[in-house]
Amino acid sequence: MPFDMQPLVDVMARLRGEGGCPWDKSQTHQSLRRFLIEEVYEMLDAIDQGDTDGIREELGDVLYQVVIHARIAEEEGLFSAQDIVSDVCKKMIRRHPHVFTTDRLEKTSSSMVNWDRLKQGELRQQHAHLLDGVVTGLPSLLAAYKLQEKSAKVGFEWSDTADVIAKVHEEWNEFLEAVREGDFTHEEEEAGDVLFVLANLCRRYQIEPECALHRANSKFRRRFSYVEDCVHASGKDWSAFTLDELDSFWKEAKEKERSCQTGK
């Protein structure tokens, strides 16, 4: 069977229609913002866990968000779900002439340069300043990555990764100096500089820092839950354990994960 989004569009029409769901009917583009973000991050979590069923389910939830936004816009006479599909298809064809025409590009770097040039020809991609194209609502680490990615394309970046690593050390020392001063505002500023330059270092190694931190958060959650289970299984209170004892549970969690990964 060909892919058909119409069943979901019909379900949404029922949910938002007469006799539908009060919650769905009350939603607006603004009220749904947080849910779209949440669904995307739940999708990232399913990917990190290698959960195929979860990926399938979360993609459906992301698609649901797309369709409810489309339904709201259709009710307001603005655009439909079909308009969304048509627009993105036209855009992808327009931005990939090396695929859909005889204008071939052999190198990835050349393709990316061409992509940026084609984007700048579109009305919504025209900005007074280069960095205006990075939307302000992005998570901060992702925004840092994209801001530096944009500026690098016009040559505003260190020529060598070693320079970035040196900058990481410099910013870290400045943060420690701010801590010694005891000035919270200065501490926060320098901590931000550390994170910003770390995002740059991640970019040098093709690591998206937001995804990397999400993976670290998931790992911490998983291992701490193991520590918590060990404490509960002992029948003792948390206060009965030293940090070294709790850390031994943490190390057990790491070893179990590694055993599962290696199949041993």
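Guide: Let us begin with one residue and its surroundings. Glutamate 210 touches Tyr41, Pro139, Leu141 and Leu142, leaving aside residues up to four places away in sequence; contact means heavy atoms within 4.5 Å. This is a predicted model, in which local features need pLDDT of at least 70 and side-chain atom pairs count only at pLDDT 80 or more, while totals for chains, interfaces and linings use all residues. Residues are numbered from 1 along each chain as its sequence is written, and side-chain values use heavy atoms, with hydrogens and water left out.

Visitor: Where is glutamate 210 found?

Guide: Glutamate 210 belongs to helix 11 (residues 209-234); helices are DSSP runs of H or I, at least four residues, numbered from the N terminus. The side chain of glutamate 210 also reaches the backbone nitrogen of leucine 142, at 3.4 Å.

Visitor: How many salt bridges does a search of the whole structure find?

Guide: Side chains of opposite charge can pair when their charged atoms come close. A salt bridge is a side-chain nitrogen of Lys or Arg within 4 Å of a carboxyl oxygen of Asp or Glu. The search of the whole structure finds 13. In one of them, glutamate 75 pairs with arginine 16, with the closest N and O atoms 2.5 Å apart. This pair links distant parts of the chain, since glutamate 75 is in helix 4 (residues 52-75) and arginine 16 is in helix 1 (residues 6-16), 59 residues apart.

Visitor: Is arginine 16 buried or exposed?

Guide: Buried means under 20% relative accessible area, exposed over 50%, and partly exposed in between (1.4 Å probe, protein chains only). Arginine 16 counts as buried because its relative accessibility is 12%, whereas glutamate 75 is partly exposed, at 39%. Arg16, Arg71 and Glu75 are linked in a network of salt bridges.

Visitor: How many aromatic pairs does the count come to?

Guide: A pair of aromatic rings is described by the distance of the centres and the angle of the planes. Rings of Phe, Tyr and Trp (its six-membered ring) pair if their centres lie within 6.5 Å; planes under 30 degrees apart count as stacked, over 60 as edge-to-face and the rest as tilted. By this rule there are 6 aromatic pairs. Phenylalanine 220 and phenylalanine 224 form a stacked pair, 6.0 Å centre to centre with 10° between the planes. Both lie in helix 11, 4 residues apart, about one turn of the helix.

Key. Helix = DSSP H or I, 4+ residues; strand = E, 2+ residues; numbered from the N terminus. Polar contact = N/O pair within 3.5 Å; in protein donor to acceptor, adjacent residues only side chain to side chain.
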